[in-house]
Amino acid sequence: MNTPLNPLDLSGRHFLVTGASSGIGRSTAILLHRLGARLSIVDLDEAGLSAVQAELRGGGQVEPHRTDLSDIPAIEPLVGRCVAANGPLHGVVHCAGIQAIVPVRTLQVEGWRKIFAVNTEAALMLGKTMSSRKVYAGEHGSIVFISSVMGMAGSIGAIAYSMSKAALDGMARSLSLELAPRGIRVNCIAPGFVQTPLLERTGKLWDEGQRKAVEDLHPLGFGKPEDIANAVAFLAADTGRWITGSVMVVDGGYLAR
Ligand code: NAD
């Protein structure tokens, strides 16, 4: 094997990045593209996809695909369109996710199913498509799911979200065993609180004191989207080639207590 000078180099590889219009997905798309990857960027927010695409001029081809990932049967045809436009895939990064703070008393079935569909079932369907010879490029395979510390630690009002992320971690471990013989690695990243539009929406009811109390749960303070994108790049590239079935915690020390 020829070792490239930069082990993070993704030249010639094609990644599908979901949630690419905002926050962690947007930063991930920008970094993977800077590392040389061709991208299929997927999101509900079409204007956000266009803005990211405009930022990614030069380098590998970037194809936007507006899709609602809660529509699970629509994912296989979506992946087919990504492959038709940009070639077989080397990896998938599932960053799209939703969160709602709802106490158990007011939790509704439709609400928790929507969270589970986007955060967990869409991830499984994306992983399943990578098992197809028509989809997977056949080398350097890497799937990264963005999980959360909430999959490992409880938080009031986060029941459905915690369920979706804990299930994601478990699913990824079993999927990693099935896909290892094909050379595809499967890992999760569990971020602590990261300054993205999702956190702004979650925190809009906090006063300054509450915001500080949440930030103080992180010995290193709140994270930035780039902190998670850097970890994604490490797992996506050959730097992560002996890592599979793991949950990488990137949380500014949130879980260290
Ligand atoms: P964000 O809201 O900034 O971005 C999420 C993106 O997902 C948006 O562009 C949104 O349009 C897209 N999306 C949502 N539902 C979709 C659907 N049905 N179909 C297609 N696209 C859809 O959020 P973020 O903070 O960047 O979160 C990214 C991931 O990181 C999520 O999985 C989230 O659970 C996880 N996470 C975030 C934090 C945090 O503090 N921000 C912490 C831990 C984990």
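Lys212 is partly exposed, with a relative accessible area of 48%; partly exposed denotes values between those of buried residues (under 20% relative accessible area) and exposed residues (over 50%), with a 1.4 Å probe and protein chains only. The structure is a predicted model, in which local features need pLDDT of at least 70 and side-chain atom pairs count only at pLDDT 80 or more, whereas totals for chains, interfaces and linings use all residues. Residues are numbered from 1 along each chain as its sequence is written, and side-chain values use heavy atoms, with hydrogens and water left out.

The side chain of Lys212 meets that of Asp216 in a salt bridge, at 2.8 Å from N to O. A salt bridge is defined as a side-chain nitrogen of Lys or Arg within 4 Å of a carboxyl oxygen of Asp or Glu. Because Asp216 and Lys212 are 4 residues apart in helix α7, about one helical turn separates them. Helices (H or I, at least four residues) and strands (E, at least two) are DSSP runs, numbered from the N terminus. Asp216 is partly exposed, at 42% relative accessible area.

The whole structure contains 4 salt bridges. One of them joins the side chains of Arg26 and Glu55, at 2.6 Å from N to O. This pair links distant parts of the chain, with Arg26 in helix α1 (residues 23-34) and Glu55 in helix α2 (residues 46-55), 29 residues apart. Arg26 is partly exposed at 30%, and Glu55 is partly exposed at 46% relative accessibility. A salt bridge is also formed by Arg211 and Glu200, whose closest N and O atoms are 3.8 Å apart. Arg211 lies in helix α7 and Glu200 in helix α6, so the pair ties together parts that are 11 residues apart in sequence.

In overall architecture, the protein has 8 helices and 7 strands. Its radius of gyration is 17 Å, close to the 18 Å that the globule rule gives for 257 residues, so the protein is as compact as a globular protein of that length. The radius is taken over C-alpha atoms, and the globule rule is 2.2 Å times the number of residues to the power 0.38. Of the 257 residues, 49% are buried.

The ligand is surrounded by 29 residues, the closest being Ser22, Asp43, Tyr161, Val194 and Thr196; a residue counts here if one of its heavy atoms lies within 4 Å of the ligand. Polar contacts (pairs of N or O atoms within 3.5 Å; within protein, one must be able to donate a hydrogen and the other to accept it, and residues adjacent in sequence count only if both atoms are side-chain atoms) include one of 2.6 Å between a ligand oxygen and an N or O atom in the side chain of Ser22. A nitrogen atom of the ligand is 3.3 Å from a backbone N or O atom of Leu44, and a ligand nitrogen is 2.9 Å from a polar backbone atom of Leu69. Taken alone, the ligand exposes 830 Å², of which the protein buries 93%. Accessible areas come from the Shrake-Rupley method with a 1.4 Å probe; for residues, only the protein chains shown count as cover.

His140 is found in the loop between α4 and β5 (141-146). Although not a glycine, His140 has a positive phi of about 55°. Most residues other than glycine have a negative phi.
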